[in-house]
There are 2 protein chains.
Amino acid sequence: VSVVAVSLPNQERLAWWVNHLAELLPDRRVLAANDVTDADAVDYAVVWMPPTGMIAGWPNVKAVISIGAGIDHITCDKEFPSGVPIIKTIGPDMTQRMREYIALHVLRFHRELPDLERSQKNSTWEQVFTPTAPNRNIGILGMGHFGKACALTLRDLGFNVSGWSRSGTAVAGIETYNSDGLEAFLAQTEILVCLLPLTDETSGILNAKLFEKLPAGAKVINVGRGQHLVEQDLLAALESGQISSAVLDVFTTEPLPKDHVFWTHEKITVTPHVASLIDPISGGKIIADNIGEFDRASIS
Amino acid sequence: VSVVAVSLPNQERLAWWVNHLAELLPDRRVLAANDVTDADAVDYAVVWMPPTGMIAGWPNVKAVISIGAGIDHITCDKEFPSGVPIIKTIGPDMTQRMREYIALHVLRFHRELPDLERSQKNSTWEQVFTPTAPNRNIGILGMGHFGKACALTLRDLGFNVSGWSRSGTAVAGIETYNSDGLEAFLAQTEILVCLLPLTDETSGILNAKLFEKLPAGAKVINVGRGQHLVEQDLLAALESGQISSAVLDVFTTEPLPKDHVFWTHEKITVTPHVASLIDPISGGKIIADNIGEFDRASIS
């Protein structure tokens, strides 16, 4: 019988996934990776941040399924066996959640909600006039599946949206820039949203050099990966005022360590990697479907 | 020469309006109400919360222009001369601002941002799974110009939106309820947005009886008028948990008095009547146009 091995660092979350996938895949044995006794029997691995060498220990694995839209948490495994396909998980719920998160945090910055909240703390009635959305420039770094969806959502809310990607692929109603246009893209971006995949080229892209090219007082939202951001450069830019605030959903080490300076920084909002959470109910369905489809494609 | 008298309680704001309107209406004399020496010469009054009897003191006034979408701040003047037309000010910027505010605060509640912010205060990594917008029911009380625009914006963000109005006028993609449907409307509303005009019928509508008909733990956003809300009933409902949080942008007394309990209530977000601020730049243009149009209509 086909064995589907599941691995996630969070044990509670792991049990939740194993149970849901077992219901969705009644013809297979769904096991937590630690409960696998016959390594040869594993033909699918469903993982988030699998331990180094784990996949290599399952010689007959046909495909690895990422519990998420990114695959960097799998490919960073130095022992990952070459030639094994990796299947991303992207579904309408994840796109919907990302759209919600980006709309929320762009609007929160646009309407200066942190300032209003500070006024409330001081019981101070202080009206702030903000420009309307058509007079606010939002820049999306990374125009993949999520980038495009978020750009269109922000455009529909009335914002003036630009998108940057290596290829500069055109999207209706969005001004797009390619590799050569990065400076021009940054020069007009008041609120920058990072939705890039993590690759050798994008690692550390949110650094001092990039921040300097934004207008003074720009705001940054990072929902890509922690490794996109050079932490010390952000702290320096917040100190100088070049960046006025940041929202961070992803971190080099997750969970973000208890003593990390980001937690208590008054200009940083920390959210615990929730922008586009994938749950075993809707996400499990997509994964089960993808396994079935991969199987059928392999047979035919 | 035609005199346009301007009255606002905030003196700084008053000067701003007088200056902008003077530029926009070069053929008229634009004066702060206190600077009017010839009461007979005033033919237009541009006002926010005019003092009782002020309008009655200008016998030749042709129309009163509200600096805002509501007119209750004018009609509450017991000495307001009958038969004088009142012109509301509604323009694309005000509608845009209201859409932004409602989208922001609905998303903030939907994504449990206040909980995430509390977690950050405790340096605690605590992921919260929230339903996607199509599984969240938003109810809009009042389907006038702003109510409709906000309902459509929320629908486009993916929410399940219902609207309530006396007549129950149909709006594409929105489930609408009329007078008879108030209970059914409330029973399914997780986040309630009040966008009603203030009238004898709607005054005090946000009261204990209404709160009880919402699902337990519902959230309330009031951008109508302070008088829509029975303050003690909200405090009691927050205490019992029947209402879990509220955002209030309008108050019976504005600015909200320094010692008011709302300022420091941990389940209440106070914003200083900024949802749909009208500024003399775009708002002044609309008012100047409306005065010109009224003049032409009176002549012909």
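1. Ser123(B) is buried in this predicted model. Its relative accessible area is 13%, which falls under the 20% limit for that class and is therefore counted as buried. The residue belongs to the loop between helix H4 (113-121) and strand S6 (137-141) of chain B. The backbone of Ser123(B) deserves a look, for its phi is positive, at about 50 degrees, although the residue is not a glycine.

2. A positive phi is also found at Met49(B), a residue other than glycine, with a value near 50 degrees. Met49(B) sits in the loop between strand S3 (42-47) and strand S4 (63-66) of chain B. With a relative accessible area of 41%, Met49(B) is classed as partly exposed, whereas Ser123(B) is buried.

3. The next point concerns cis peptide bonds. In chain A, such a bond joins Glu254(A) and Pro255(A), with omega at about -5 degrees. In chain B, the bond from Glu254(B) to Pro255(B) is cis, and omega is near -10 degrees. Pro255(A) is located in the loop between S11 and S12 of chain A, and Pro255(B) in the loop between S11 and S12 of chain B.

4. Aromatic pairs come next. A pair of aromatic rings is described by the distance of the centres and the angle of the planes. Over all chains, the count comes to ten aromatic pairs. One of them is formed by Phe251(A) and Phe262(A), whose rings are 6.4 Å apart from centre to centre, with 55 degrees between the planes, a tilted arrangement. Both partners lie in the loop between strand S11 (243-248) and strand S12 (268-270) of chain A, and the pair links parts of the chain eleven residues apart. Phe251(A) and Phe262(A) are each buried.

5. How are the rings of Phe251(B) and Phe262(B) arranged? Their centres are 6.4 Å apart and their planes stand at 55 degrees, so this pair is tilted. Phe251(B) and Phe262(B) are both placed in the loop between strand S11 (243-248) and strand S12 (268-270) of chain B, so the pair ties together parts eleven residues apart in sequence. Phe251(B) has a relative accessibility of 3% and therefore counts as buried; Phe262(B), with a relative accessible area of 0%, is buried too. A cluster connected by ring pairs contains Phe251(B), Phe262(B) and Trp125(A).

6. Two packed helices are described by the angle between their axes and the distance between the axes. Helix H3 (residues 92-110) of chain B and helix H5 (residues 145-156) of chain B have axes that come within 9 Å and cross at roughly 50 degrees. That angle makes H3(B) oblique to H5(B). The crossing of H3(B) with H5(B) is right-handed. On the side of H3(B), the contact is made by Met94(B), Thr95(B), Met98(B), Arg99(B), Ile102(B), Ala103(B) and Val106(B). H5(B) contributes His145(B), Phe146(B), Ala149(B), Cys150(B), Thr153(B) and Leu154(B). By class, the residues of this contact are nine nonpolar, three polar and one charged.

7. Helix H1 (residues 11-24) of chain B packs with helix H9 (residues 282-299) of chain B at an angle of about 50 degrees, and their axes are 9 Å apart. In H1(B), the residues in contact are Trp17(B), Leu21(B) and Leu24(B); they meet Gly283(B), Gly284(B), Lys285(B), Ile287(B) and Ala288(B) in H9(B). Five of the residues in the contact of H1(B) with H9(B) are nonpolar, two are polar and one is charged.

8. Is Leu195(B) buried or exposed? At 11% relative accessibility, Leu195(B) counts as buried. This residue lies in the loop between strand S9 (191-194) and helix H7 (208-213) of chain B. Leaving aside residues up to four places away in sequence, Leu195(B) touches Met98(B), Ile140(B), Leu141(B), Gly142(B), Phe146(B), Gly147(B), Cys150(B) and Val223(B). Of these, Met98(B) in H3(B), and Phe146(B) and Cys150(B) in H5(B), also take part in the contact between those two helices. Leu195(B) and Arg225(B) are 30 residues apart in sequence, and their C-alpha atoms are 8.4 Å apart in space.

Note on methods
Residues are numbered from 1 along each chain as its sequence is written. Chains are lettered from A and ligands numbered from 1 in the order in which they are written. This is a predicted model: local features need pLDDT of at least 70, side-chain atom pairs count only at pLDDT 80 or more; totals for chains, interfaces and linings use all residues. Side-chain values use heavy atoms; hydrogens and water are left out. Axes are lines fitted to C-alpha atoms, for helices over the stretch in contact, and angles run from 0 to 180 degrees between N-to-C directions. Helices (H or I, at least four residues) and strands (E, at least two) are DSSP runs, numbered from the N terminus. Angles under 35 degrees count as roughly parallel, over 145 as roughly antiparallel, 65 to 115 as roughly perpendicular and the rest as oblique. A crossing is left-handed if the near helix is turned anticlockwise from the far one by less than a right angle, and right-handed if clockwise. Contact means heavy atoms within 4.5 Å. Ala, Val, Leu, Ile, Met, Phe, Trp, Tyr, Cys and Pro count as nonpolar, Asp, Glu, Lys and Arg as charged, and the others, Gly among them, as polar. Rings of Phe, Tyr and Trp (its six-membered ring) pair if their centres lie within 6.5 Å; planes under 30 degrees apart count as stacked, over 60 as edge-to-face and the rest as tilted. Buried means under 20% relative accessible area, exposed over 50%, partly exposed in between (1.4 Å probe, protein chains only).
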